[in-house]
Amino acid sequence: MDYSQLLQSLESVCGDGLQTARTRTRAEEVIQSFKGMQHLLPACRFVLEHTHSPQLQFHSAAAVREAVAREFSVYRVEDIQGFEGWLLEYCSSRIQVPRYVRDALMSAVATIAKRLMLETGEQEAWLLLEKLWQLRQGNKDQQVLCLSLATALLDEFGTSSKSSPLRLSLEMHHQAKKIFMDVCLIYVWQMVLETLHSRIAINAAADELTEGEDVLLNNAITVSDRIISWDFQHDEANPAFAGSVQKDADADDQDTDELPLLLPASWQEAVNNDVIGLLFMVYQRLQGTASLASNHCRHVLIRLANVTGPVFTTKDAVENWCRAFLSQITPYLKAMVTAGNAVTEIGPHSLGLAKMARAILVPGVHTDAILNGDAILWEFLGAAAEAMIWLCREASRNGGDHEESSWLWEAFNGFAGVWAEILKKVKSHENNQAVQHLRSVCERVSEAYVQCRLESAAWSVEHENDEELDIDQDEKDWEQNEEQLTVVATLARESPKTMVTMLQLLTERVNAYKMAQAQQQFGTHVYVLHEHMHWLLLVSGFVLAEDPHGDPEKRVTYVLPHIPDISQIVLTYTQMIGTEQEELWSPQVVETLWWWLERWTLSYLYADSYPAFSGDAGREIASFIIDRMKAHMEGWASEASVILQIAKTLKTFAGHQKLRDGMLLTQTFHTLVEYLVKNIEKLPEAAHGVVVETVTIFAAGATQADVRAHYMSLVMNSVEKDFVSLVQRPDFSKIAQQNVVFSKLIDTMDMFQGLCRGVQPQTVNEIFDLVAKYSPHMLELLKTYGSVPEMVMSILKVYVTLVQSTEIAQLAPEVQTVLTQHSLELMKVYDSITKSQKESHEIADEPYGDVILIMEFLSNLVALDLQRARAQSVSLSQSPNHEVILYGWHILLPKVTADALEIPQVAIKNASLIRDLVEYYPDKLTALPDEVLDTIRRALSSNLGSPVYEVVDSLYQGISAFALFAYSLQRKGDMASLARLAGPIDGLLETALGNLLFGHVVSDLVGQAAAALLPLICCSEQKYETLVRGLLDQHAANPDTHQRLVNAFTKLTAAIPPELPEGITLARSKELGEFNKHLFVFLNETRGILMQR
């Protein structure tokens, strides 16, 4: 071929051709044609040798990677090695090319090296190291090239088959990766450390580069970050088989910085105390001159702080490593406290130090070193104590309204958490002076935290444009700051004095409110009091009651004698609060107060192990709290956040038997219930459902039948009255589209949901009767508002909530029949309103919301059938609900599109539903039409490649249940019924085997796959043999591959038992574990072969 003409053609399109939309398409066609040439490497070499166009150099480098991936076997290994050497020489001689070109060329070298390593093994690895070393010994430009090549090698060898251009099995990628790790990685690390050391030495000796960035230093630390981020643990574990992935349950929940770094024993000399000292010197040099590089260096130090594993052979080695880190961290903490804002990027810097400290100290607190006064450790602890107080003050500066605040608070959380962990390990040594000192620091830090929060709150008020701060935020302060408040509370509990201080501050603010109330003072002073009370209640709420559910183990024991005093302070304050019309009062404080009372009441006042408020005293306190609830609901009726919190508090009380029983005995509670039910329309609509649910739960707890009946009558009449007043109006069809009517109907649906959520064994019949009574009206509403997603979903939620209650299974058989009838009618109406619609009913934050609700409804029906069958010892086949479930699933099919299955919640619920249908109602399968059976087959097999673990798990279970039922027919000799299932069985076998061999497989699910595949094979041996022969024939042209596949299939087939265990079911599928082992080996042997392209 005429390479000159090729060069001319390429250069003509790599200039202006790629710059305009008009010529770009033609240019891309020419470039792609070039990359698709046969015998591409010589052409690439000619182009690179003769072009001066950076763009063409870049595309030629990409073409080299394509050529190596596609044509490697065309060339001799010696020719490829020669091309690799030439490419490196080419880069060395053209060092001034743009960085993106240089990086592309180095990526090409790395791709060649990886492919050669699979041919020559360690030989290529040692040649690579020699080339790197030669570049490292060269001039500055060659050293930059060395680091660029190291980066490219780390990228190439650290990638999976998906991100590498090489068309190899994952097994081969892993093989090359392991050789690189075992031979090269440690030497690349040492080479980078030498570069860092030399640059630091040069800068120290000549004061070079005091301004600006040191390119070599920056690049070297970036490479070191890539090395230390290598997945050493994954390589030691080795993937289960080619192309598989493993489920990591904690991956989404854990910060990768906090994961242990498991280094092999061979790295003992490569990570020592001198390395730590060097990296901290580099970090100091980079601060203030190179933001990105300093981030890389900080990350390297954090990861090294997490080092563990075989690299440490003795306990002394671990302790020396910790001391090396602590001795370096301590000066930075001291400098941070003294220099403050002068430190560059103080937020990320302080958080990085906190992460290092946590990684070093938390996994194994050195109790002896703390108790015996280890100098290095105690110097660090002293610096950390001052740093916590400084971080707290600096984070809250200007009301926390600065860009570093969130970083500083997170760093504070980190150091405070370390302190709490240390104290937890040594606090049993009560008389030790070190423990007493640690506790004194807890006192200082917690008091400083409270003071800073109060000062920050005051600043915020004084600089806030609006007089009232917004409390209708998505997250409340006790939710947003939960981690921080929890760790502060942990420290504060170590000091009784802190508790006294907290009481004093609460008392002072209550007295200040009294004075402001008496003198009718308004303005900033009152608003500061609002914020102070808010934060004092928040902090004290966490300090006094760590667990919001009243766990006795979480109480502060030394608080117990002070319960009456604390109660008096807060309850007095509760009595002082006026209404929302009075400018003196803040809704935020009222809301926080009821949050506080919820925790306090359960943890102390009515805790089972604390009898101080039992009997008359308990009823008196309960009566007072109820009275204040009523007063505040009346006074703050339009403040949704306040009413919701009071309702939530009351609901929490309803779930506590002792407190609920005590309240039911008071007259004030009866008054409160009467007020809530009769005046519910005066409360915010958002609280109506919670109020109805709460009263319903209380009613169920009433020991006297007449009291229970009275409460249920009140609450049901309230719900019924509002609903009937609308749907039974003669002119309803005319007013149905009015906003007021629509809003009221949505509200009544929420109240019906509240009733259903409050179902208890004592009230299930009454609630079901009410819902059944008005079910026809709800279905009519569904027809009327069939095109309005919000209404459709509100109505569906009533039915879903009703049938998710386990108490529904206790209904009499004739009542169960009514439920089935209403359920079937619901499905029919839903089908009618959605049949002609292309889109599902959904609102902005709930895609495919109606589909999900119908799936939940059908799954709840299955659960009810199961519960009833077990309780009554009857067969599921006797349940009439299977018709509803099958019909409902059938009408969902057109709506569960490929786009819908992209939503994880839809995919999970769909897979779970089809599994339940097949597993629990298998005897209904043979009566289904062929097209429905084929639909079930497609539903079970179409999403086996889903990346969602739960989806594939459910589908394999469904396939297993389907196949085991077919096998049971075969064993019984019911060949007529088995013939009905033959087609779906063959289809499932083909899909399951194909997915295991070629698809996305989670190695943790091979057991479930085996439990599905084995009965499929046993039911259709002929189909299995046909599939195997077809697969072998595809590889007949390659004798080696063909023989390996023959051997693998022979061993797998030999592992198939002559028959399955008697009465085998999905629940007993673990008995097929022996086949599971053979399938695992089979996949390991075959996937690597079959995935080669």
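**Salt bridges in a predicted model**

Glu634 and Lys630 sit 4 residues apart, about one turn of the helix, and both belong to helix α26 (residues 615–635).

Trainee: Which residue forms a salt bridge with Glu634?
Mentor: Lys630 does. The closest N and O atoms are 3.1 Å apart. Keep in mind that this is a predicted model.

Trainee: Is Glu634 buried, exposed or partly exposed?
Mentor: Partly exposed. Its relative accessible area is 41%.

Trainee: Let's zoom out. How many salt bridges are in the whole structure?
Mentor: A search finds 39.

Trainee: What does Lys334 pair with?
Mentor: Glu379. Their side chains meet in a salt bridge at 2.7 Å, N to O.

Trainee: Which parts does that pair tie together?
Mentor: Glu379 lies in helix α17 (residues 375–395) and Lys334 in helix α14 (residues 315–339), so the pair ties together parts 45 residues apart in sequence.

Trainee: And how accessible are those two?
Mentor: Glu379 has 42% relative accessibility, so it counts as partly exposed. Lys334 is partly exposed too, at 40%.

Trainee: New pair. Where does Glu386 find its salt bridge partner?
Mentor: At Arg444, with the side chains meeting at 3.1 Å, N to O. That pair links distant parts of the chain: Glu386 is in helix α17, and Arg444 is in helix α19 (residues 433–462), 58 residues away.

Trainee: Is Arg444 buried or partly exposed?
Mentor: Partly exposed, at 38% relative accessibility. Glu386 counts as partly exposed as well, at 36%.

Terms used: Residues are numbered from 1 along each chain as its sequence is written. This is a predicted model: local features need pLDDT of at least 70, side-chain atom pairs count only at pLDDT 80 or more; totals for chains, interfaces and linings use all residues. Side-chain values use heavy atoms; hydrogens and water are left out. A salt bridge is a side-chain nitrogen of Lys or Arg within 4 Å of a carboxyl oxygen of Asp or Glu. Helices (H or I, at least four residues) and strands (E, at least two) are DSSP runs, numbered from the N terminus. Buried means under 20% relative accessible area, exposed over 50%, partly exposed in between (1.4 Å probe, protein chains only).
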